[in-house]
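Student: I have a structure to read and would like to go through some of its features one at a time. Please give the general idea before each case.

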Amino acid sequence: MTVSEKSPQLWTNARLFTGADSGITAGEILIRDGQIAAVGTGLDAPPEAAHIDCGGRLVTPALIDCHTHLVYGGNRAREFQMRLEGASYAEIAAAGGGIVSTMRATREASVHALVEQALPRLDSLLSEGVGTVEIKSGYGLSVESEIRMLRAARKLATLRPVRIRTTWLAAHALPPEFKDDRAGYIERVVLAGMEVAHAEGLVDAVDGFCEHLAFTPAEIDRVFAKAHDLGLPVKLHAEQLSWQGGAALTARHGGLSADHLEYMTEDDARAMAAAGTVAVLLPGAFYMLRETKVPPVQALREAGCDIAVSTDANPGTSPMTSLLLAMNMAAVLFGLTVDECLKGTTANAAKALGLGAETGRIAPGLAADLAIWNAESPAELVNPMGFNPLHARYFKGQKV
């Protein structure tokens, strides 16, 4: 039966992973006006409610991919071949590849072209039960092209039933025309462009790449200060290839998340936990770059720092559009538990986007963004590789 977004629904015979607690419980969900009205057993539903028998299947919050670079032009398959032949990330960047390679293709693409290229990637995520996706700019590296990327990201949300959060990432790399004027790029593109994008309503958060081949903590501090002036939350690519102090900097600014974190320290973990900054782990990039330095997961646990997991979907270092595979990689490569993987793609991922009061858990008052799986336990989502057990996805109470 077709159920409209406004129709009351009573979901029964479900095995619930709520995102609030570990493990699963048998229960029911009452949905009204696209929101979860109640969760429990023996729920009272209005006479007109549609009854949905989940058949004993696992029901989770719709998954959340909280760190992606989904909008870009071109591809970097040639660089993948170069890495197989022994070239490092830094060597590829020095040869004009990496982010700069994608910059050229992105600058040549219209908003329409960027949308058309991104749609198949977005559809791949949605087919695995994803209901919310974060999309960064960061490949145009000029005000005009960064703005086009964010316009494309906003357009995607009108073409598919999905919640899109956008992030201003002009501080991703230094374009060739500014190679001798770092301060000029920060001032005239990163900061000035942020103002333009914010005025157009295109930005939900601000990010940067703090690394020896990107931007220094002092430069990122300027970016974050401007974001605060505009009332925008911040996050950061931090401690991926070396320790630069970016995680602690993000914590000092009360950032939503610090992401990658292979080289973070125990002190960083404690600072992030105290600030409520989520640690977003990106096993796809770790895998593609053949890294060996594993993020200190145990230090994050001991500090009480929330952990999220994401695809880092991008053309070069993590060309992955499967959040289920990202969970498997996080378990196998980083040692996360099944519960950590699933909470890391639901409740904690929502927190990493500032959406904890809107989605990411099965709880009253939150959006009815839900996934029904042909599975009985969360381990059946994390264990398989290349298998998608999704039975149905609901966005704001509507089956899609």
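Predicted model: local features only at pLDDT ≥ 70, side-chain atom pairs only at ≥ 80, totals over all residues.

Student: How many disulfides does a search of the whole structure find?

Tutor: A disulfide is a pair of cysteine sulfur atoms within 2.5 Å. The search finds 0. For Cys66, the nearest cysteine sulfur belongs to Cys305, 12 Å away. For Cys341, the nearest is that of Cys66, at 13 Å.

Student: Is Cys341 buried or exposed?

Tutor: Buried means under 20% relative accessible area, exposed over 50%, and partly exposed in between, with a 1.4 Å probe and protein chains only. Cys341 has 0% and is buried. Cys66, at 2%, is buried too.

Student: Where is Ser310 placed?

Tutor: Helices (H or I, at least four residues) and strands (E, at least two) are DSSP runs, numbered from the N terminus. Ser310 lies in the loop between β13 (307–309) and α12 (323–334). Its relative accessible area is 0%, so Ser310 is buried.

Student: What does the side chain of Ser310 reach?

Tutor: The backbone nitrogen of His67, at 2.9 Å.

Student: Is Val332 buried or exposed?

Tutor: Val332 is found in helix α12. Its relative accessibility is 61%, so Val332 counts as exposed.

Methods:
Residues numbered from 1 in each chain as written. Heavy atoms only, no water. Polar contact = N/O pair within 3.5 Å; in protein donor to acceptor, adjacent residues only side chain to side chain.
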